Each structure stands twice: as structure tokens, then as C-alpha cells.
Amino acid sequence: MAGFKSDFLAVLSQRGFIHQTSDDAGLDDLFRTQTVTGYIGFDPTARSLHVGSLMQIMMLHWMQQTGHQPIALMGGGTGMIGDPSFKDEARKLQTEETIAENLAGIRQAFENYLTFGDGPQDAMMVNNADWLLGLEYVPFLRDVGRHFSVNRMLSFDSVKLRLDREQSLSFLEFNYMILQAYDFVELYKRTGCRLQMGGSDQWGNIVNGIDLGRRMEGVELFALTSPLLTTSSGAKMGKTASGAIWLNSEMLSPYDFWQYWRNTEDADVGRFLKLYTILPMDEIARLEALGGAEINEAKKVLASEATALLHGRAAAEEAAETARKTFEEGALAETLPTVEVPAADLEPGIGLLALLVSAGLAGSNGEARRHVKGGAVRVNDEPVADERMSIDREKLKDGVVKLSVGRKKHVLVRPAG
């Protein structure tokens, strides 16, 4: 449906968030005439979310900014099973202690995008363990399970993918979609929630919840999914050769987060400005139109705006200044990411290849060797051609060794102990 009348759907449509809805006109009318409560679920598979979840967090942000109430549903209960959607194999089961630690870490990122409180438009964070862990099996089968058709569940792409590949799909995982559907109904009963959002891979799970709401409560619920995003070259959002782009600062520095966006492919700049910043659309159009070397200025704006949303304006400005000093002045910026190595290891010297790996500048000795052979590696801004080089105390400059791969990846190695 073109030309949404409600502020929320109009914003999401303009900025590229909408892949599919269960009812364009009905959902638009709901947002136009009521204060809507909607949610997205996040499973605690690590101590931090990564950039792959940021699109969903931004959807909750815009929901609140346009006058509605977002819910971040933490999967403390469903996380004990794990979502099998489009996975090749079962997730490793996590303990309650690990899930609790992960949930505590995940909560940090949301504070920067949402305002929490008790008001009608204040965001809520709830944990589905509050209701799922207390369910009794036989009553649940009788009251909820009877509404599900196994034939229909087998038809969903997320299930068919595993079965077509003749990969095991456990009964435990098969129950995940029932629990997610029940979450939707439970949130409706507790908060009046009428909308579930998520990535397009969640469509089948969300539609199950809509159907269950109609059967159990006689209510019309709604679905909205976002496109599954990859970069123009086909890479998955949130993953790089050196690891995941985490949202928590103790797992990825604001500088490295800034650099991730600064390294955006030219073709993605406009799209990412719409999705991951709150810049006005006319300013994005101006930046998107920049060509040639000027596109780098747009990338710096993207990096600074995305970093400011997550880590604050001061951290974004510090990251931008560190990058400017490093790339434009060749200075040794103390705010570069730092890796500590035992001081004793510098007496005989540490092999360059091993140090590049431990510093996160290469994924393996083989990759490090290729970087050296390709002329991409520098030590203290001096090119290195010898892959057998050792880094010892004589290489220290102002108490550190600056390692670089290419023009944009730099780490300071500092002796400790």
C-alpha cells in the first residue's frame, strides 16, 4: 500500500523498513486512530546484540517517536530452546545462569534508543520467562496446542528448509513457534499489544500468533516484517572478517563501531543513513547524491550519527577525531583500540603473524601472511615485507607498537606486567 496516512508507517515506509504486513489498510488505520502497543522479541544468545539487530531496535525507536508504545521482549523463556528458523542445526542449549547474564548485557543497548517508564508511550522491557516457565504442560496442550495444525506448521519455509536438507528438527525446536505465538497472545492480554514486528524470517512465527489470538481471544492482531538486510556485496549485516559488530562498548569499542560504518560500501550509504540514523530525509537525499571522493564525507556522517545514537555524541566525536588524526595526520592516537601483551613476551619478541591474529587484525596466520605479502601491513606506520618479523621492545614508540592493516584498521599493542 503506497501512501500510508499514519505517521509511524509513513516513516517506516519512507526509510525502507517495511517488507510485509498482514493488513496494510487495517494496520494504518489502527496507528492513525489509536495509541498502539507493539513488540519485537530478542533472544539472549550472547552478552550483547550486534548490528544485525539494530534494524529492529530502530523500528521500536520510531514507534515511540511517532507517539506509540514499544515493547522489547526478552526471550528468557524461549531462549532456553532457541529459534530454529532458517538454521542448519539446533542451537546449543543454554543454562538459566548464562541466559540471565546475557539478558543483563543486552539491556544496555536499548537505553540509548528508547525511553523507559510507566507512561502510555514509555517503552517496556519484559521477559517471557515470567509466563512461560510457569506453564503446566497438559493445560498448555489443551488450551493452546489444540489450535495448531502440524500440517500447517510443516508448510512454513523455516521448517521446510531443515526437512528438505534432511536435517534433524527436534520436538523441542518445533515447539518454539507455538511458544512465540503464545507470547503474542499473552502480551495482548497483559498490555493490549496488537502488533508484532521482526525480520522477514519471522513471518511464519508471527502469523501463528495472529491466528492464535483470533482463536483464543477473538482479537485481530497484526504483523509487520522488515527485509533481511545484506550489504551490496552480499555480506551479512553485523559480521565482518574480524568478528561480530557488537553493540556493547565493552565488547566493541565506539571507535571500532564508528569504523564499521565508515567502511560502508558506496552503494549502501543512502540506504544505511535511512535505516540507522535519525537524520531528516532531505539531508539524507543530499548526502546520498554526493559522488566521487565526496561520498567519503557521507560515510563519515553515517558513522558519526550511528555511533552517537548508540554511544553518545561525545564518543562519536572522539572516534571521528581519532580517525582524522590517524588517517589524515598519521598521528599516533591514544584512543585507538589497544591490545595488551605480557611484557616478558617482548624480550625474545612476538611473531608478527601471531600478533596480527591476537590483535584482531587477521583471522588466522594464513590471512595475516596474505596481508603482509599484499603490502597491507605496517608497523609504526612503516610498511612490512618480512612475514618472519618479530615485534620486540625496540619497536616500542611512546610505550606502544602501532599495528596497521590497510588504511583503516589500526591497533596499539601495549606491554603489560
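Helices here are DSSP runs of H or I with at least four residues, numbered from the N terminus. In this predicted model, R214 and D211 both belong to helix 11 (residues 203-217), where they lie 3 residues apart, about one turn of the helix.

**Nonpolar cores**

- The largest nonpolar core has 67 residues, and F8, F110, F257 and W261 touch the most other members.
- Helix 3 (residues 54-65) gives the most to this core, contributing 8 residues.
- Not counting residues up to four places away in sequence, F8 touches F31, M59, W62, M63, T66, H68, L195, M197 and L224.
- A second, separate core comprises 29 residues, including L132, I178, Y182 and C193.

- R214 and D211 form a salt bridge whose closest N and O atoms are 2.8 Å apart.
- R214 is partly exposed, at 48% relative accessibility, whereas D211 is buried at 13%.

**Salt bridge between distant parts of the chain**

- D266 and K299 meet through their side chains in a salt bridge of 2.5 Å, N to O.
- D266 lies in the loop between helix 12 (254-262) and helix 13 (269-276), and K299 lies in helix 15 (residues 295-311), 33 residues apart.
- K299 counts as buried because its relative accessibility is 6%, while D266 is partly exposed at 47%.

- The closest N and O atoms in the salt bridge of R388 with D386 are 3.5 Å apart.
- R388 is exposed at 71% relative accessibility, and D386 is partly exposed at 38%.

Note on methods. Residues numbered from 1 in each chain as written. Predicted model: local features only at pLDDT ≥ 70, side-chain atom pairs only at ≥ 80, totals over all residues. Heavy atoms only, no water. Core = buried A, V, L, I, M, F, W, Y, C linked by side-chain atoms within 4.5 Å. Buried < 20%, exposed > 50% of the residue type's maximum accessible area, 1.4 Å probe, protein only. Helix = DSSP H or I, 4+ residues; strand = E, 2+ residues; numbered from the N terminus. Contact = heavy atoms within 4.5 Å. Salt bridge = Lys/Arg side-chain N within 4 Å of Asp/Glu carboxyl O.
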